[in-house]
Amino acid sequence: MQSDQISCALLMARHRARPVLLPDWPRLMPIELAAAYLSRSVSTIRDRGPTPKRDGRSILYDRNDLDRWADRLGGQPLTPTQREEEAR
């Protein structure tokens, strides 16, 4: 992923625009990008979203965790494999 695409997405997230330049989202993302990915506010992700990962001083959100969190909001059942992963 090119840094200009990430910068554009972060800028769009700050202005609450829907990002359209990132068809292939990064696996780990900062909170601003995670909020843009889910079309939610940063405060919603921080207060009610999935637990972030830490890499040194960086706080990052895993795309898979964000997807599972969004699925649970919609009441979508987890597959047996997802249930096993959640139990770990």
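The questions and answers below concern this predicted model.

Visitor: Where is R27 found, and is R27 buried, partly exposed or exposed?
Guide: R27 is found in the loop between α1 (3–14) and β1 (28–29). Buried would require under 20% relative accessible area and exposed over 50%. R27 has a relative accessibility of 45%, so this residue counts as partly exposed.

Visitor: With which side chain does the side chain of R27 make a polar contact?
Guide: Leaving aside neighbours within four places in sequence, R27 is in contact with Y61, D62, R63 and N64. The C-alpha atoms of R27 and D62 are separated by 5.7 Å, although these residues are 35 apart along the chain. The polar contact, at 2.9 Å, is made with the side chain of D62.

Visitor: Of what kind is the aromatic pair of W25 and Y37?
Guide: The structure holds 1 aromatic pair. The ring centres of W25 and Y37 lie 5.0 Å apart, and because their planes stand at 70°, the pair is edge-to-face.

Visitor: Which parts does this pair tie together?
Guide: W25, at a relative accessible area of 14%, is buried. The pair ties together parts 12 residues apart in sequence, because W25 and Y37 lie, respectively, in the loop between α1 and β1 and in helix α2 (residues 31–38).

Visitor: How many of the residues of α2 are buried?
Guide: The buried residues in α2 are I31, L33, A34, A35, A36 and L38. The helix α2 is thus mostly covered, the count of buried residues being 6 of 8.

Methods: Residues are numbered from 1 along each chain as its sequence is written. This is a predicted model: local features need pLDDT of at least 70, side-chain atom pairs count only at pLDDT 80 or more; totals for chains, interfaces and linings use all residues. Side-chain values use heavy atoms; hydrogens and water are left out. Helices (H or I, at least four residues) and strands (E, at least two) are DSSP runs, numbered from the N terminus. Buried means under 20% relative accessible area, exposed over 50%, partly exposed in between (1.4 Å probe, protein chains only). Contact means heavy atoms within 4.5 Å. A polar contact is a pair of N or O atoms within 3.5 Å; within protein, one must be able to donate a hydrogen and the other to accept it, and residues adjacent in sequence count only if both atoms are side-chain atoms. Rings of Phe, Tyr and Trp (its six-membered ring) pair if their centres lie within 6.5 Å; planes under 30 degrees apart count as stacked, over 60 as edge-to-face and the rest as tilted.
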